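Subject: Model handover

Hello,

Please find the structure below, together with its sequence. My notes come after it.

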Amino acid sequence: MIRVWNDKAISVERVVSSAITYLDIWKSAQNSNGGASSSSSQLHAGVEHWIKPSLGELKVNCDAALYSGERSHGLGWIARDHAGLCVAAAAVKHRGDIDPVVAEALSMKEALSWIKSCWEDSRTVEGLCPTAVLLESDCLVLVNAINSKSHILSPLGLIVSDCISLIRSFSSFDISVQFVKRSGNQAANWLARSSGSCPDRFSSRGSVPSGLEAILLADLL
């Protein structure tokens with residue numbers, strides 16, 4: 001173990017893995033943008049507050065949380081319709097001390113897998129068959145990696161490739177991935193941090209935890 005910022009203990013393996021991951025992402029960004037990083041344009045595009053999708057569309061917010069002391073991580077995502085109502089949400093906790101961007105990517109992959117299980121064959125689920133799906137994450141590195149569609153040779157790259165393949169597998173509607181600032185991703189953040197203390201999965205048919213309900217109401221103001 002080594003000590004980094006705030007005297008936090010991190011394994012050598014994780015430091016090496018993170019270094020390789022970010023180096024590969026940096027190289028990919030340089031190749032995709034002719035040497036100019038897309039971070040500045042994406043950063044300004046990030047909205048401050050959650051915005052309802054258009055009629056018929058579905059918005060899915062994703063986030064992750066690390067529990068270093070427990071060597072575990074939480075994944076959270078929530079899907080909402082044009083009225084801002086929760087269609088489905090998940091809060092899952094897994095064992096393993098992983099890179100934060102990898103955790104963010106796993107959360108998005110989980111959300112994409114759920115979308116595919118619901119609407120792969122243009123079925124109607126929860127009374128909804130979306131015309132388009134917008135995925136939002138407050139992890140700029142992940143958003144850039146997915147939108148660049150470049151091959152990254154790292155653990156993160158494998159998950160990003162899975163996300164890209166899932167996105168391309170949909171033919172009945174378009175799926176886009178955008179960056180949102182943390183202030184616009186509070187519901188997914190709450191789910192990731194609350195994983196292990198609330199139901200793993202719930203839908204509009206069930207009750208929404210009070211902490212999440214307060215955030216959903218605030219997002220509509």
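The notes cover a pair of helices and then one arginine.

This is a predicted model, in which local features need pLDDT of at least 70, side-chain atom pairs count only at pLDDT 80 or more, and totals for chains, interfaces and linings use all residues. Residues are numbered from 1 along each chain as its sequence is written, and side-chain values use heavy atoms, with hydrogens and water left out.

Helices (H or I, at least four residues) and strands (E, at least two) are DSSP runs, numbered from the N terminus. The axes of H4 (residues 140-148) and H5 (residues 155-168) come within 9 Å and cross at roughly 55°; axes are lines fitted to C-alpha atoms, for helices over the stretch in contact, with angles from 0 to 180 degrees between N-to-C directions.

From H4, Leu142, Ala145 and Ile146 meet Val160, Cys163, Ile164 and Ile167 of H5 (contact means heavy atoms within 4.5 Å). Buried residues (under 20% relative accessible area, 1.4 Å probe, protein chains only) in H4 are Leu140, Leu142, Val143, Asn144, Ala145 and Ile146. Lys149, which follows H4, has a positive phi near 55°.

Arg80 lies in strand S4 (residues 72-80) and counts as buried because its relative accessibility is 1%. Its side chain makes a polar contact with the side chain of Asp219 at 2.9 Å (a pair of N or O atoms within 3.5 Å, one able to donate a hydrogen and the other to accept it; residues adjacent in sequence count only if both atoms are side-chain atoms). Beyond its neighbours within four places in sequence, the contacts of Arg80 include Trp50, Glu57 and Leu216.

Regards

Conventions: Buried < 20%, exposed > 50% of the residue type's maximum accessible area, 1.4 Å probe, protein only.
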